[in-house]
Amino acid sequence: MGILQIDELSKRYGEGETAVVALDRVSVKIERGEFVAVMGPSGCGKSTLLHLAGGLDRPTSGRVLIEGTDLSGLSDGKVAAIRRRKIGFVFQFFNLIPILGAEENAALPLTLDGVSPAAAREKARHWLAKVGLANRGGNRPDQLSGGQQQRVAVARALVAEPALVLADEPTGNLDSRASEELAALLRQVAAEWGRSVLMVTHDARIAAYADRILFLKDGRVVDETRLSAHGNDEGRLVRERMEKL
Amino acid sequence: MKTAMHLALRYLAGRKLRTALTTLAVVFGVFVFFGMNAVLPSVMATFQHNVQSAWGQVDATITHQSGEAFPASVGAKLSAFPGVRVVSGFLSRPVNLPPSLYPAAKGRRIPSAVSLVGIAPKEAAQIRTYTLEEGRFLTDADAGHAVITASLAHALGLALGSSFALPTPSGMARLAVVGIRPARSSPGNEEVLIPLREAGRLFGSPDRVSALEVNFDTFDATRRESLHAGLRAGLGDEYKIGSPATGTELFATLKLGMYAINLFGLVAMAMGAFIILNTYRTVVAERRRDLGMLRALGADGRTLLAVLLIEGFLQGLAGTLVGLAVGWGFAAALLAGLSGIMESFMHVRTGGPVVSPLLVGITAVLGIGMTLLAAGIPARQALRISPLEALRPVEGKTAASRPGKGFWAGVLLLLFASAAVWNPSAAVSLCGGAAFLLALLLLAPTLVRPITALFGGLLSRTIARDGVGRLAQGQLARQPSRSAVTASTTLLALALLVATGSVMTSITEHFLGMLKATLASDYLLIPPTVSVWASDVGAKPELAEKIRALPEVSLVSTLRFASASLSSRPSMGKELSGDTPVSVLGIDPASFPKVSALRFESGNARLAYPALASGRNLILNGSAASTTKLHPGDRAVLVTARGLREYRVVAIGNDYLNAKLVTAYVSQENLREDFGKIEDVFLQFNLKPGADAARAEMGVRTLLEDYPQFRLTRSQKYLADNLATFYSAFGALYLLFIILAVPSLLALVNTLAIGVFERTRELGMLRAIGATRGQVRLLVLAEAMLLSSLGALLGLAAGGVVGRVLVSNAEHLGFTLEYSFPYVWMLASIAIAVAFGALAAYFPGRRAARMQIVEALRHEG
Ligand SMILES: Nc1ncnc2c1ncn2[C@@H]1O[C@H](COP(=O)(O)OP(=O)(O)O)[C@@H](O)[C@H]1O
Ligand SMILES: [Mg+2]
């Protein structure tokens, strides 16, 4: 049983003439501790795939299973609970609540789940330390750099000890150094801490940190590659492959 | 300019929801201000009418020097006079009742003549109170209809609907009774009221009146003087103008009411302005990115300012027009509702909304001006930052918490207020109260953080766990000034509620206490006009004797009356003009304290009553003491029908019936000796324990056949009736509160809706990381609760202080009140705040909860 299993997933927006098929019968399976990147041109359906995988939206057809649980039959509240406990999210921007400190931001999935504030903050502190922000717990987002903010978001994604982390262009707003640092961190999330990571990116160098890369075009998986090593050579390899498509 | 216009229109059309929401804010603002102020003149007029007609006072009476009737057109001329509120003419002629038509009957005393009085029903009702026991009042359309008194109906054997004949110069007139007024108690002929036009026809003098009664629209002494002078000059020597002595208490009451009602108008204006300002500030803040982008593309600051101002102007114009219409409709509907209440409880008709060109002008300036200002000021600020800075995505930057100029001004005002509030001078302490209110408004932005932290902690521990309370609290602290302005409308509404509540509670407690003490007997015998004793026909002492002789009765106590004037001169002076007229009430010092009680302000019952029985001693009531400045121990000279008499003041005390009149209490012995009065004008009696009440009532009723002027009633019933009128008199005030409460609700809804709209992406993210719809909804509810608690807390504080100041200064306006803490009003205010919080959160909360997560995440912040 995979952590995330996607079967024949389709998503159509709109009706009739103007209908857009954003996702067309996509099937993906991700194992525990696997780091998978999704690449593809703008508008090919990457975000849609991620949103459906996280239960943020409902598919037109097909199904999504998180640790064997089919999301399609669940109520809104149940899906929200799965998001709190089994899935962590990292977005491109507007990722944190500006009025809360880093620690409070990171603790949110737990507090929302009814964990006592003290216990939640204890865990948040733990994860902030692990992502390299040991002393920044009290800082508000506007007092942190972009890279640091995304690390807080990663800590938040991990705080509830989820099985799956979903990241939509997490480096889209970062400079190249911060981007690489974040990619390395996500690699660590998968390889060392045993979470499955599904990351959308259009940066080949970032994708090269993954174990496996899915290439998406017009809503379909058109290619897939497995990387054994992760370095500059692989980055070039991935880029060439992208350009070929 | 053309580009600016084009852009402005595109923005308005392109963001329809936003445009609608902001225009709605202007509509609300204008609606509140305009609606309130259109209602106020009618409320004021009703109030003035109530007070003036209760005192039976007219500002001027105009008659012809010859005493003959004169053209009614003079009245039309007078109504056009600026400052004249209402002119009412009447045509009156005595009419003999021929014995052939009305033969003497047993048990009835048929009058030999009545006055047939033609009145203009609408105007007359604005000058005097015509209470009706049965039927209806006259209308202009009535022909062959009359309104008579119960005493005349009884004498002539008439009932509602029956008709009677009266001889007139134009022959015998048949009139049908459509309304019956209470029995006539004052001397003079019984009156038969008919419409003025009908009277003119019957008397053969169409369009003529015997007198015009005029009421002014002002209580300002100098303005009234000049109005009188103006009337005199305008009418010439042909006419006589009678003007009444200005009763100070009447004017004090009217002034108090004027202040209160004008305060409502001002507060409505402030609230309207707040709503508009608050909305636009956010709109411009949202536009920051767009403004930066347009400047990066080469638009200059002037063009962009013009864009915002054009938008502001168009929205201000549209909002003002709609607001005027809605406000008028609201005012008309409210007054229609109000007049029902007024008519059934007070027999008073209220007019429609009064819309003066001035009010429309001020409203338009306020609506459009406020919108322009509200759009322009933040726009200029936004344009001052560099385009690059504007383009950078603001991750909801938290405003600086450093106290600004407003804060320090607030602190200064607070210092002044705390010193001034307790100042003995009325002007200073009232200023102190106002300063306190203003200080809270200025301090509100700084107080947002600590107060929301306080309530937020409470919420987090109760309804909004799961960190939702903390999120709500943070959200309000994010934009402290926006939160403060929103809370300020609640603050103002509740402050007004609590302040007025303080005054009302104090008045109610005060009078309720006195009422209960005054009417402590089992039964009362009430004359037609309680407390206007001079017009009551008393009973000889034998009535009291006979009641006392009934086997069921244990005790009878009576009041006797004489009018006099009071001189504060310690010795018997020669020149006594300008002294205070006073009602002198004779009581029996032995029995009076058993059925009634004075509330002593100084002195006490144990010494005061026996003192009355021994020598020329008197008790003054509060009104008498404050007008004459006499204290216990002082000597007072009464100018009596039999010459000057020197009394000593032994105490100051009040009873309910005479509270408003300048009154002195003496023993019935002294009243007989010095004033020659022995008639009882008011009687109270108690029954023996276990006595048969029905039999006692029957016995007294039989005795009263010879004294038809008295009405027998149980004290309990009289008390209940009095309280009912007392409460209904304030009905209009309660309605005003509702009008004030509505805008604070609107302001709350507006702020919450904007907050939800702004944070669309943030809320989407919250949902993405696992917040349920319920939690998002709770978040909005918690924000609403925090905002309204903030407003309530400050409003209660402000209202409490202002109310305290008002009550302690009531004596300067002719009342002496003890402060009673308005618990009920405070609780009601808190309940209103909580209810409004919940209500305001409903739609924005639903919108936030129903958001599609993916769409929210894609939302263009
Ligand atoms: N709410 C929506 N309504 C209509 N079309 C949409 C909606 N969301 C996404 N799309 C369309 O679906 C396609 C895939 O979008 P998306 O998944 O965001 O692409 P990507 O993230 O790869 O850039 C695009 O053509 C986009 O225009
Ligand atoms: Mg995308």
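These notebook entries cover the site of ligand 1 and the cysteines.

**Ground rules.** I am working with a predicted model, where local features need pLDDT of at least 70, side-chain atom pairs count only at pLDDT 80 or more, and totals for chains, interfaces and linings use all residues. Residues are numbered from 1 along each chain as its sequence is written, chains are lettered from A and ligands numbered from 1 in the order in which they are written, and side-chain values use heavy atoms, leaving out hydrogens and water.

**Ligand 1, location.** I find ligand 1 between chains A and B. I listed its neighbours (a heavy atom within 4 Å). They are Tyr13(A), Val20(A), Ala22(A), Ser42(A), Gly43(A), Cys44(A), Gly45(A), Lys46(A), Ser47(A), Thr48(A) and Arg858(B).

**Shell make-up.** I looked up the elements as DSSP runs (helices H or I, at least four residues; strands E, at least two; numbered from the N terminus). In chain A, strand 2 (20–30) and helix 1 (46–53) each bring at least two shell residues. Helix 1 of chain A gives the most, with 3 residues.

**Polar contacts.** I took pairs of N or O atoms within 3.5 Å. A backbone N or O atom of Lys46(A) sits 2.9 Å from a ligand 1 oxygen. For a side-chain N or O atom of Ser47(A), the distance to a ligand oxygen is 2.8 Å. For Thr48(A), also through a side-chain N or O atom, I read 2.5 Å. Alone, ligand 1 exposes 560 Å², and the protein buries 69% of that (Shrake-Rupley, 1.4 Å probe).

Cys44(A) is buried (under 20% relative accessible area), at 2%.

Definitions and conventions:
A polar contact is a pair of N or O atoms within 3.5 Å; within protein, one must be able to donate a hydrogen and the other to accept it, and residues adjacent in sequence count only if both atoms are side-chain atoms. Buried means under 20% relative accessible area, exposed over 50%, partly exposed in between (1.4 Å probe, protein chains only).
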